[in-house]
There are 2 protein chains.
Amino acid sequence: MVLPMNRPHFLLFGDSITEKSFGPGGWGAALANTYSGKADVLVRGYGGYNTRWVLFLLNRLFPPNCRTPPDAATIFFGANDAAILGRTSERQHVPVDEYKANLHKIVKQMKNCSPTMLVVVITPPPVDEHGRKEYARSLYGEKAMELPERTNEITGIYAKQCIELAREVHLPYVDLWSLMQETEGWQKKFLSDGLHLTEAGNSVVHQEVVRVFREGGLGADDMQHDFPLHIDIDSHMPEKAFHKK
Amino acid sequence: MVLPMNRPHFLLFGDSITEKSFGPGGWGAALANTYSGKADVLVRGYGGYNTRWVLFLLNRLFPPNCRTPPDAATIFFGANDAAILGRTSERQHVPVDEYKANLHKIVKQMKNCSPTMLVVVITPPPVDEHGRKEYARSLYGEKAMELPERTNEITGIYAKQCIELAREVHLPYVDLWSLMQETEGWQKKFLSDGLHLTEAGNSVVHQEVVRVFREGGLGADDMQHDFPLHIDIDSHMPEKAFHKK
């Protein structure tokens with residue numbers, strides 16, 4: 001048995017939905033709990049970012065041949081890229097072809113950092129336009145634009161390209177956009193403001209990431225604790241449990 | 001502006017109360033959320049461990065002059081050391097003088113790893129003997145021992161020695177044992193089974209750790225994000241925001 005400080009670690013890379021993943025009921029914290037004693041979970045979530053802006057961070061985050069690369073990473077962008085031109089969030093808009101190309105650049109940079117990294121791509125969640133409008137009214141009152149800054153249909157186009165990219169480069173993916181819409185009442189059940197996740201929505205992401213990690217050979221049950229469990233320690237000879245096997 | 005992958009990081013070192021700190025409503029996850037975009041939080045929680053057993057892990061966790069030491073660490077042991085001899089959890093018992101000496105060894109090892117590390121000592125929480133008995137009955141039924149395996153009075157003796165050590169070596173500390181008992185109904189409000197923390201109990205630990213970190217110069221508000229906020233990015237010239245200042 002080795003008892004390293006440097007556990008395997010997983011990196012969650014994305015926008016605000018990743019940034020908030022350690023909030024109450026968040027999917028990132030739940031993932032850290034699932035891998036308790038086995039792997040660390042680090043968050044690199046950038047609220048408001050699209051795939052164009054995040055490219056500027058790649059060389060720092062994933063330098064070529066990096067010393068201690070993550071064992072797995074999630075790429076979870078698109079909710080901001082899919083903001084519609086001519087509406088309130090247009091500055092975040094990225095054309096869908098560029099979105100797909102940017103995702104590919106991110107994947108390539110991660111694989112250059114470590115060819116063995118398990119990279120998982122997650123589509124943006126669906127958009128509840130009614131929820132977005134309510135949210136805009138709560139912020140801007142009557143001045144809120146009548147036309148939604150994101151629509152479920154357009155975000156779906158981005159989700160489709162996200163999946164297409166994952167298939168082309170043979171990466172596992174989570175089709176969150178489709179999956180969530182299979183549940184009756186997904187609009188309020190999974191989304192708090194039409195875009196961000198409720199605790200139930202976080203739970204869906206957590207379950208899906210656990211599933212693809214397991215299918216990719218990184219199931220928590222398949223990993224060892226890097227220390228003896230306390231029940232395996234003989235209180236009269238504790239040193240025995242810590243000898244390397 | 002530098003955009004490092006290697007953010008400051010905080011290490012939470014302790015027993016099951018630390019191990020479970022990324023569970024629902026956990027204080028570790030809340031701390032990670034408080035320092036979102038500014039510092040990483042790593043958990044090294046060892047369920048059931050006392051300070052005697054955890055010494056075997058120290059050289060791996062905190063090697064002398066380690067390359068990337070934590071910027072801050074919490075030491076949160078004592079709940080198991082205070083298990084009473086001759087009762088169901090006696091194998092975890094560590095005499096109180098040894099407990100204090102072991103804490104000192106942990107502190108010294110951390111400071112050898114990095115003299116500038118902000119080390120915070122946390123006392124064990126109070127014990128609700130009635131809650132422990134209910135919990136034992138739920139596990140063992142009528143076979144449950146009538147005498148509690150931990151008492152609040154004895155755990156209080158350990159808490160006192162924990163504080164004395166912190167004062168002797170001039171470290172900030174959280175007197176969780178006393179603090180929680182200032183609240184009416186602490187037994188059920190803060191403890192789920194007489195020993196582990198409810199969400200409200202987790203919240204107390206989170207608030208206290210945030211306080212001592214802030215007082216130690218590591219307040220989240222005093223730390224910079226290591227990336228530009230999206231509102232500071234000019235969508236027509238995004239590269240500007242990423243140039244090093």
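Helices are DSSP runs of at least four residues, numbered from the N terminus. The model shown is predicted.

View 1. A:Tyr140 belongs to helix H6 of chain A, which spans residues 129-140.

**View 2. The interface of chains A and B.** Here 40 residues of chain B are in contact with 40 residues of chain A. Together the two chains bury about 4,000 Å². Carbon and sulfur atoms account for 57% of that area.

**View 3. The side of chain B that touches chain A.** Five elements of chain B each give two or more residues to this side: helix H2 (27-34), strand S2 (40-45), helix H3 (51-54), helix H4 (58-61) and helix H11 (239-242). Strand S2 of chain B gives the most, with five residues. By type, the residues on this side are 21 nonpolar, nine polar and ten charged.

**View 4. A salt bridge within chain B.** Side chains of opposite charge can pair when their charged atoms come close. Over all chains, the whole structure holds 22 salt bridges. One of these pairs B:Asp226 with B:Arg7, with the closest N and O atoms 2.8 Å apart. The pair links distant parts of the chain, 219 residues apart. B:Asp226 sits in the loop between helix H10 (199-218) and H11 of chain B. B:Arg7 lies in the segment before strand S1 (9-14) of chain B.

Terms used
Residues are numbered from 1 along each chain as its sequence is written. Chains are lettered from A and ligands numbered from 1 in the order in which they are written. This is a predicted model: local features need pLDDT of at least 70, side-chain atom pairs count only at pLDDT 80 or more; totals for chains, interfaces and linings use all residues. Side-chain values use heavy atoms; hydrogens and water are left out. Contact means heavy atoms within 4.5 Å. Buried area is the accessible area (1.4 Å probe) that two parts lose on being put together, summed over both. Ala, Val, Leu, Ile, Met, Phe, Trp, Tyr, Cys and Pro count as nonpolar, Asp, Glu, Lys and Arg as charged, and the others, Gly among them, as polar. A salt bridge is a side-chain nitrogen of Lys or Arg within 4 Å of a carboxyl oxygen of Asp or Glu.
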